[in-house]
Amino acid sequence: MVSGTDALASLAEERVDHRFKGLPPDAEGLTVGALAAQRRNLFTDGFTTPVLALSAERLEHNLELMETYTARHGLAFAPHGKTSMAPQLFRRQIERGAWGITLAVPHQVRVARAYGVQRVFLANELVDAAALRWIAAELDADPGFRFVCYVDSVRGVELMDAALSGASRPVDVVVELAAGEGARTGVRTEAECAAVADAVAGARSLRLAGVAGYEGEVPRADPERVHAWLRRLVALAVDFDKAGRFEGLDEIVVSAGGSAWFDAVADVFAQIPELSAPVLKLLRSGAYVSHDDGHYRKLTPFNRVPEEGALEPAFRLWTQVVSRPSAEQAFTNAGKRDAAYDLDLPFAQVVRRDGSERPATGIAVTGLSDQHAWLRTTEEADLEVGDWVGLGLSHPCTSFDKWVLIPVAEADGTVVDYVRTFF
């Protein structure tokens with residue numbers, strides 16, 4: 001089996017070709033590592049538009065900020081890997097103190113395992129028999145592999161136990177408490193949680209390791225409602241512990257935390273009382289790694305606690321003006337195939353012409369076609385065919401998944417690395 005370190009190193013040996021948007025045509029046939037070693041400039045050394053870039057400095061800033069934030073608040077951290085699906089970023093997150101990586105579906109776990117991730121939290125109930133048998137084989141083959149997943153139904157527990165029959169290591173599970181009536185997944189009441197926990201206790205191939213949930217699904221979420229739900233989650237862990245459900249564990253998992261309310265998680269988890277075993281207070285926020293210029297810029301908890309720091313948007317999509325049919329309208333060559341648009345349209349930020357960069361004053365994105373952005377321009381806009389327009393994006397998850405190989409550029413445009421994604 002190829003080690004995770006070797007697998008990551010092998011990414012640099014991949015050949016540059018037509019699969020990768022935006023890369024210089026004359027780089028065809030070079031390895032990714034060789035192209036990175038050339039330290040080409042994003043603006044002057046052959047990159048073609050549209051091209052998505054990550055800021056090297058802002059990426060590093062965000063990684064460092066969440067490392068210090070979680071350490072300050074006594075939280076373990078398993079950032080959600082579905083945001084980037086980039087093993088290189090997984091490794092950097094783990095090097096920055098992450099306990100492991102959170103994932104959502106079996107394919108994502110296979111990617112993480114192929115690149116050496118040793119601890120995985122699956123924020124979903126897993127009932128696919130083939131995937132469960134693969135997980136069991138991974139656990140059998142690697143004593144250092146830790147895997148934890150949700151359960152939210154007696155039926156799910158039964159399906160898991162049947163699929164895992166004969167496994168030598170039990171699969172650790174946490175009961176998922178729903179965020180409220182009408183929320184996404186999870187057990188709706190504490191009585192039902194107890195029934196699911198009873199089913200786990202009766203299963204030969206599962207072990208109850210704790211409780212978890214996702215506060216981002218709290219209906220009409222506000223600080224009061226989110227704190228109240230988190231207190232319910234903690235109370236569930238306390239009740240389970242008093243009932244002896246965690247007997248024999250080395251640690252008890254209590255997990256929550258998306259990218260909008262991790263300050264509330266820190267507040268409530270700081271109040272978890274002493275239980276029969278040490279508590280792994282596991283935060284799972286993922287969007288922080290790139291942050292964004294829209295959805296998460298508005299929702300980030302750092303807006304509420306500015307003294308803790310601030311995340312920085314690391315993405316910029318560079319696109320080029322290809323049509324200027326009127327004084328009020330322009331079109332660039334990036335559209336739905338290139339830019340996230342599920343939460344917000346892109347934001348025009350800067351214009352580049354002849355090596356100089358200036359704010360995109362008087363320019364707004366009003367729509368996207370498959371391969372065009374529609375721009376509305378006012379009298380203030382200085383925009384010509386051929387100009388490059390830098391767009392900010394909203395929602396990191398759907399930004400990453402449109403690009404297979406993403407240049408990482410320093411502030412002066414020097415490309416120092418390339419991030420490979422696996423969606």
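A salt bridge is taken here as a side-chain nitrogen of Lys or Arg within 4 Å of a carboxyl oxygen of Asp or Glu. The structure shown is a predicted model, in which local features need pLDDT of at least 70 and side-chain atom pairs count only at pLDDT 80 or more, while totals for chains, interfaces and linings use all residues. Residues are numbered from 1 along each chain as its sequence is written, and side-chain values use heavy atoms, with hydrogens and water left out.

**Figure 1. The salt bridge between arginine 40 and aspartate 26.** The side chains of the two residues meet with an N to O distance of 2.7 Å. Arginine 40 lies in the loop between α2 (32-37) and β1, and aspartate 26 in the loop between α1 (4-11) and α2, so the pair ties together parts that are 14 residues apart in sequence. Helices (H or I, at least four residues) and strands (E, at least two) are DSSP runs, numbered from the N terminus. Arginine 40 is buried, at 11% relative accessibility, whereas aspartate 26 is exposed, at 56%. In these legends, buried means under 20% relative accessible area, exposed over 50%, and partly exposed in between (1.4 Å probe, protein chains only). The count for the model comes to 29 salt bridges.

**Figure 2. The salt bridge between glutamate 251 and arginine 146.** The N to O distance between these side chains is 2.9 Å. Glutamate 251 belongs to the loop between α9 (223-242) and β8 (252-256) and arginine 146 to strand β5 (residues 146-151), so the pair ties together parts that are 105 residues apart in sequence. Glutamate 251 is partly exposed, with 26% relative accessibility; arginine 146 is buried, with a relative accessible area of 18%.

**Figure 3. A network of salt bridges that includes arginine 358 and aspartate 382.** The side chains of arginine 358 and aspartate 382 meet at 3.5 Å, N to O. Arginine 358 counts as partly exposed at 22% relative accessibility, and aspartate 382 counts as partly exposed at 39%. The network links Arg353, Arg358, Asp382, Glu384 and Asp387.

**Figure 4. The surroundings of threonine 83.** Threonine 83 lies in the loop between β2 (76-77) and α4 (87-95) and is buried, at 2% relative accessibility. Apart from neighbours within four places in sequence, threonine 83 is in contact (heavy atoms within 4.5 Å) with Gly286, Ala287, Val289, Pro396, Cys397, Phe400 and Phe423. The side chain of threonine 83 reaches the backbone oxygen of histidine 80 at 3.4 Å. Serine 55 is 28 residues from threonine 83 along the chain, and the C-alpha atoms of the two are separated by 17 Å.

**Figure 5. The largest pocket and its lining.** A pocket is an open set of points on a 1 Å grid over the protein atoms alone, with protein on both sides within 12 Å along at least five of seven lines; lining residues have an atom within 4 Å of a point. The largest pocket holds about 670 Å³ of space, a volume being the space filled by probe spheres set on the points, which are joined across faces, edges and corners. Its lining comprises 34 residues, of which Lys82, Arg184, Tyr214, Gly216 and Gly258 lie nearest the centre. The elements giving two or more residues to this lining are β4 (119-125) and α11 (295-299), and α11 gives the most, with 3 residues. By class, the lining divides into 16 nonpolar, 12 polar and 6 charged residues. Ala, Val, Leu, Ile, Met, Phe, Trp, Tyr, Cys and Pro count as nonpolar, Asp, Glu, Lys and Arg as charged, and the others, Gly among them, as polar.

**Figure 6. The second largest pocket and its lining.** About 340 Å³ of space lies in this pocket. Of its 20 lining residues, Ser55, Arg316, Ala409, Glu410 and Ala411 are the closest to the centre. At least two lining residues come from each of β1 (51-55), α3 (56-72), β10 (315-326) and β12 (347-353). The lining has 10 nonpolar, 3 polar and 7 charged residues.

**Figure 7. The largest cavity and its lining.** A cavity is a set of grid points where a 1.4 Å probe fits but cannot get out. The model has 1 cavity of 30 Å³ or more, and the largest cavity contains about 50 Å³ of space. Ser259, Phe262, Ser285, Ala287, Tyr288, His291, Tyr296, Thr300 and Leu311 line the largest cavity; 5 of the lining residues are nonpolar, 4 are polar and none is charged.

Notes:
Polar contact = N/O pair within 3.5 Å; in protein donor to acceptor, adjacent residues only side chain to side chain.
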